Structure formats: C-alpha cells, structure tokens
Amino acid sequence: MGTTKVETAARYARGLGVDVRTIPRALLRAEDAAALNGCDVVFSCVDRHVPRAILNRFSYDACVPVIDLGTVFRVDASGTVTGDGGRVVLVGPGRPCMACWGLLDPERLRVEQLPEEERERGRAEGYVLGAELPQPAVISFNTTVAGAAVTELLRMVTGFAGASDPPDRLSFSFSTGTVRRTRLPAGTSCRICGDPQAGDTQVASRGAPQVLAGAPEVSFGMSSFDEILARLKRSIAAAVAGASVDEFYIGRSVNMEGRSSDHGCHEIRCLYETESVGRALDLEDALIKHFHNHPKNNNDQAHSGGSTAEGPQHIYLALWLA
Ligand SMILES: [Zn+2]
C-alpha cells in the first residue's frame, strides 16, 4: 500500500545484492521499450495486451528474447473453478511471436487504447464486455509459472539441456496437474515473426490415425477474424474431402487431453489455439454453421454450445476414418 509494485520488487532484489534500476511507468508506446535496448533478456509479466504487443514487437526489432508468462484463474458464482491455465512463452527471432500464439486479442488491444471516457461509455453500453474483469492472483499458481519461466532463462543462459529443441511454449493445467509443450509450425506469413517469403500458412501432412492434441496445424499472425475463418474452412474442407474420412465433428475445448476417447473417433486435430474465449466461440459457431449440411458432418446442432471456461481455447476437428 502506498508503494508501487516496481519499488517493492526493487527492494527485495536489492536485498539480494542486485543492482536495480527502476522505471516506474506504464508501457504504452513503442518508444517506451527503447529503455530495454541492450538487455540480454526481458520477462513480460504484464496484465494488458498493449504492453504485451509492444514487448512482442520489440523482441523481433531489437533481437532480444522475451519470456512471457501468465496465469488465468477464474471461479463462477457457485465457487466452481472455470479456468485454471498458465503459460510460459518464449518469443524472439526464430520463434513464433505472441500474436501467432493468440496472446494478443485485437479487440482487447482496441479497447485498451480507447480514451478512458470512451471505455467508460462503452462499458455502460455493454460494448466492452469483460474488458476489465478482475482476475484474482493465486500465489501458488503464479509461483509455479514464475519458477518455470526462470528455468527457461537458465536453459538459455547455461545451456544445461543442450541447445536442440527448446520449448516454444509451456501450457499448465492446474486442475489436471499437467504441463505440456505446445508448438506452432514454422513458415507463417506473420508480419512480426514470419518469413515474408513463406506465403500462406500450411496444413501439416496427414499421417496414421493419431491424436494431435495441443499442436495446432495452422498458425496466424494478426489476421482478421474473416481471414482466420476462411483459412480454417479451407483446412477443414481439405481434411475431410478424401474417401478415407467417413465423418467429422467440429469442436472447441480448453483441455484437449482425452478428447479422442470422449468422441470415440480415430483422430483429433487441433486446428487453432487462442486465449480469447469470444474469438474461439465465434469461430466455432461460424464453422459449424458452414459445415452443418456437409454430408459427413455429425455435429448434432447447427450452432456451437457448451462451456465458456477460460483458458487457452482449442478449435479441433474429430475424424472417423473409413
Ligand atoms: Zn507472429
């Protein structure tokens, strides 16, 4: 109370004999990141999308690795946990950026940049739903994720695990007690991290029936909703076109573990992953509407439904093979 977070953190660090320079200011413009030039590594521990977008851009412009970390923990009115995810994402040249991971929600970026009075008015009129939802910090979850982020720093600095195949992202589920590595395919056309020569994103090759949970086949930069939808439609149409596919189902889930046994299908493909529940719901709904009359589709309704649990959202395709 009465002290900024920066000063409190600095006091603890100085207590360990570390030299500390504080800049107690919000990160609101690209120029503000200039103070980080020359750093060996940056930890991104921000709540908002604007500073995260600035650090994302800075990482590729300045060739400084950024380790982004965060937790999502929500309970509903009855006290039931509805979201309990955590992430450590390693960003920088040669790796997918936070936009490609779906960590920069264009709608949230827009709302955060509105003048305060417009945001107030939008909130009163219901246009900026959820823009300022209180997110309780749970210290044990945060400590787990922060510890994992420091481990990734140690991996970079000491090379203790070798240099080959470092993780790009660690995804934590505290309810299931699991951590998994997730990966995006290389060669995106993202304006920040992509290879401009690579052109459109590609669909991974089809192999033997298997669960591809947690490994999205396509990744997108700051594409518009319509571009993402169009690409997902093309990807699904291509995947279900052959005679080898009997039936398919389009779904959305926070937790991909166990999805194939839930459906009794032969193969699950994760098509898209985003932190935005709204975007995932809208994509799922539009895809089901588009494919519901397809002769092989077995979604039981012409629209989406189900849980709106917080956490990384996966749009997936379940396949029954001939
Ligand atoms: Zn990117």
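Let me begin with a strand pairing: strand 7 (residues 245-253) and strand 9 run antiparallel and are joined over eight bridges. Two strands are said to pair if DSSP finds at least two bridges between them. Helices (H or I, at least four residues) and strands (E, at least two) are DSSP runs, numbered from the N terminus.

Two remarks on conventions. Residues are numbered from 1 along each chain as its sequence is written. The model is predicted: local features need pLDDT of at least 70, side-chain atom pairs count only at pLDDT 80 or more, and totals for chains, interfaces and linings use all residues.

Is strand 9 enclosed or open? Strand 9 (residues 313-321) is largely enclosed by the rest of the structure, because seven of its nine residues are buried. Here a residue is buried if 20 or more other C-beta atoms lie within 10 Å of its own, exposed if 12 or fewer, and partly exposed in between, with C-beta atoms placed from the backbone. H314 belongs to strand 9, and H314 counts as buried because it has 25 C-beta neighbours inside 10 Å. Not counting residues up to four places away in sequence, H314 touches R252, S253, M256, C270 and E273. Contact means that the C-beta atoms of two residues, placed from the backbone, lie within 7 Å. H314 and G251 are 63 residues apart along the chain, yet their C-alpha atoms are separated by 8.2 Å.

Helix 6 (residues 225-240) has 16 residues and reaches 22 Å from its first C-alpha to its last, close to the 22 Å expected at 1.5 Å a residue. The expected span is 1.5 Å times one less than the number of residues. In helix 6, I228, L232, S235, I236 and V240 are buried. The arc is taken from the directions from the helix axis to the C-beta atoms. On the other side of helix 6, D226, E227, A230, A237 and A238 are exposed. The buried residues of helix 6 pack against strand 7, strand 8, helix 8 (277-291) and strand 9.

Helix 8 can be described along similar lines. Its 15 residues should span 21 Å at 1.5 Å a residue, and the end C-alpha atoms are 21 Å apart, which agrees. Its buried residues are V277, A280, L283, E284, L287, I288 and F291. Their arc around the axis is only 130°, which puts them on the same side of helix 8. What covers them includes helix 6, strand 7, strand 8 and strand 9.

Which residues have the most contacts inside the largest nonpolar core? This core has 31 residues, and those with the most contacts inside it are V88, V89, C97, M98, A99 and C100. A nonpolar core is a set of buried Ala, Val, Leu, Ile, Met, Phe, Trp, Tyr and Cys residues joined through C-beta atoms within 7 Å. Two or more residues each come from helix 2 (49-62), strand 2 (66-75), strand 3 (81-91), helix 5 (139-158) and strand 4 (169-173). Helix 2 gives the largest share, five residues. Leaving aside neighbours within four places in sequence, C97 is in contact with N56, Y60, V91, C190, I192 and C193. Apart from this core lies another, of 23 residues, among them L232, C265, L283 and Y316.

By contrast, helix 1 (residues 5-15) lies largely in the open, because the number buried among its 11 residues is zero. Just after helix 1, G17 takes a positive phi of about 85°.

For the chain as a whole, the secondary structure comes to eight helices and nine strands. Buried residues make up 35% of the 322 residues.

I close with confidence. The pLDDT, the predictor's confidence in each residue from 0 to 100, averages 80 over the chain, and 82% of the residues score at least 70. Among the elements, strand 6 (residues 211-212) has the lowest mean pLDDT (38), and strand 1 (residues 42-44) the highest (96). Over residues 196-222 the pLDDT is below 50, and this stretch has 72 contacts in the model beyond near neighbours in sequence. Where pLDDT is low, the predicted coordinates should not be read in detail.
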